[in-house]
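Visitor: Hi! Could you walk me through this one?
Guide: Happy to, here it is.

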Amino acid sequence: MSARQSLSQGHFQSPSQTIGPFFHYGLNPVEANYPHTQIANHCLVSEQTQGERLSLTGRVFDGKGVVVEDALVEIWQANAAGRYRHPNDARSQRALDPHFQGFGRCGTGASDDGRFVFKTIKPGPDQPGNAPFISVTVFMRGLLNHVYTRVYFDDEVDANATDPVLSRTEAGRKVTLLAKCCNTPDGLEYTFDIHMQGEQETVFFDL
Amino acid sequence: MTGTSQRDWKSQPPYLDQGYKSTALRAPSQSLVKIDPELAEMTGPAFGNEVVGALDHDLTRNGRVNGEPLGERIVVTGRVLDEYGNLVPNTLIEIWQANAGGRYVHKKDQHDAPLDPNFLGAGRCMTDEQGCYWFYTIRPGAYPWGNHPNAWRPNHIHFSLFGPTIATRLITQMYFPGDPLLAFDPIFESIPKAARNRLVSEFSLDVTEEGFALGYVFDIVLRGTSATPMEVD
């Protein structure tokens, strides 16, 4: 029996557990003023990054409509050319941007009103026919498994209308996947609130 | 194109758990919506040694101010694998935990056990080419929490892993063998019975360092991926 075969027997997924309330000094310590470094933060761009700058902001609400102040939000996205920085995306005709990694992390406890705020760019459509979107993963106390969703942009009306994932989403819930566009004095801002339960419960995907 | 395995609900806790009260208002009430993983879900961030400091794997040293941290020194080591039996090399692990007295450095931890000025309780490392990782730390203490009367969390270390794609992301907790609090902990008990022991580390005399630290082995199994790179539009 090869080593590979012996390894493959009896390996089952490790169960997920909640992130708990006290993760900040481990996962986003700079943002929360602890003496430790962090691997990524809310800002995905530098001056050299290509693409249209935007802020992606929002709050997380529990089933009573109370703002969750101890959530951790992570985003992952393609660059302005629609390419992911990853070996599984080897499409060389779409250029990588040396100034864009595509991953961000932000807690909701750092601002007074429980907001997450990411500074990033609008991704290019990652496939022909897809509307642009950003992947979002949310962790919090009381959540034994994290949740995953996608943020689409409400001003991409034409692209959204034909996007395969949006098109398959129940009509009444589609709005929960759309970030609302607003031009502010500080630039383009999209608001994406996440509702864990209730009438506006966000569509979470089975990833 | 994708070979990402699904979330295995025989291994994973439910979102809503009667015993763990905070799930009541935070668990999604609607079913998860099926999605066919696309490039977005078959890719994810990759981190390298640039995010790991020289002492980040050694929590007995990375928070020192004027002396050594209090408590029982331990070694925590293991392999990261996927469900298909592949080792997962060069992947980032982040950990955080309470100190020996059961107190987190976190500003909102109200437990009146003492902080240890020489212990932060946070660290990280990369798995090596064989998927192995290695931490030195202090055995964390148990601490009370407000879930129900006389509720105590068993000793545990929080683990955060990325794996190769965002579909393999995992945040979990490592427990210790023989901890009597496990049977009373709704977070641990939320896991399907057959899968619970996967989160209990094993004591190992082989890993134990003579005269220095007890050794615990904790293997972690991520979801499997065998995606073929996408080369054309």
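Guide: A word on terms to begin with: two residues are in contact, or touch, if their C-beta atoms, placed from the backbone, lie within 7 Å. This is a predicted model, where local features need pLDDT of at least 70, side-chain atom pairs count only at pLDDT 80 or more, and totals for chains, interfaces and linings use all residues. Residues are numbered from 1 along each chain as its sequence is written, and chains are lettered from A and ligands numbered from 1 in the order in which they are written.

Visitor: Thanks! What does A:Val151 touch?
Guide: Leaving out residues up to four places away in sequence, A:Val151 touches A:Leu56, A:Phe133, A:Ile134, A:Val136, A:Leu177, A:Ala179 and A:Phe192.

Visitor: And which residues touch the most other members of the largest nonpolar core?
Guide: A:Val138, A:Val151 and A:Tyr152 do, in a core of 92 residues. A nonpolar core is a set of buried Ala, Val, Leu, Ile, Met, Phe, Trp, Tyr and Cys residues joined through C-beta atoms within 7 Å. Buried means that 20 or more other C-beta atoms lie within 10 Å of a residue's own; exposed means 12 or fewer, and partly exposed is in between, with C-beta atoms placed from the backbone.

Visitor: Which strand gives the most to this core?
Guide: β5(A), with six residues. Strands here are DSSP runs of E, at least two residues, and helices are runs of H or I, at least four, numbered from the N terminus.

Visitor: What does β2(A) pair with?
Guide: β2(A) runs antiparallel to β5(A), joined by six bridges, and A:Leu72 has A:Phe139 as its bridge partner there. Five bridges also join β2(A), residues 71-76, to the antiparallel β3(A), where A:Glu74 stands opposite A:Arg105. Strands count as paired if DSSP finds at least two bridges between them.

Visitor: Why is β2(A) largely enclosed?
Guide: Because six of its six residues are buried. A:Ala71, A:Val73 and A:Ile75 point one way and A:Leu72, A:Glu74 and A:Trp76 the other.

Visitor: Switching topic, how many residues of chain A are in contact with chain B?
Guide: 64 residues of chain A are in contact with 69 residues of chain B. α1 (3-8), α2 (24-27) and β5 (133-140) of chain A each supply at least two residues of that side of chain A.
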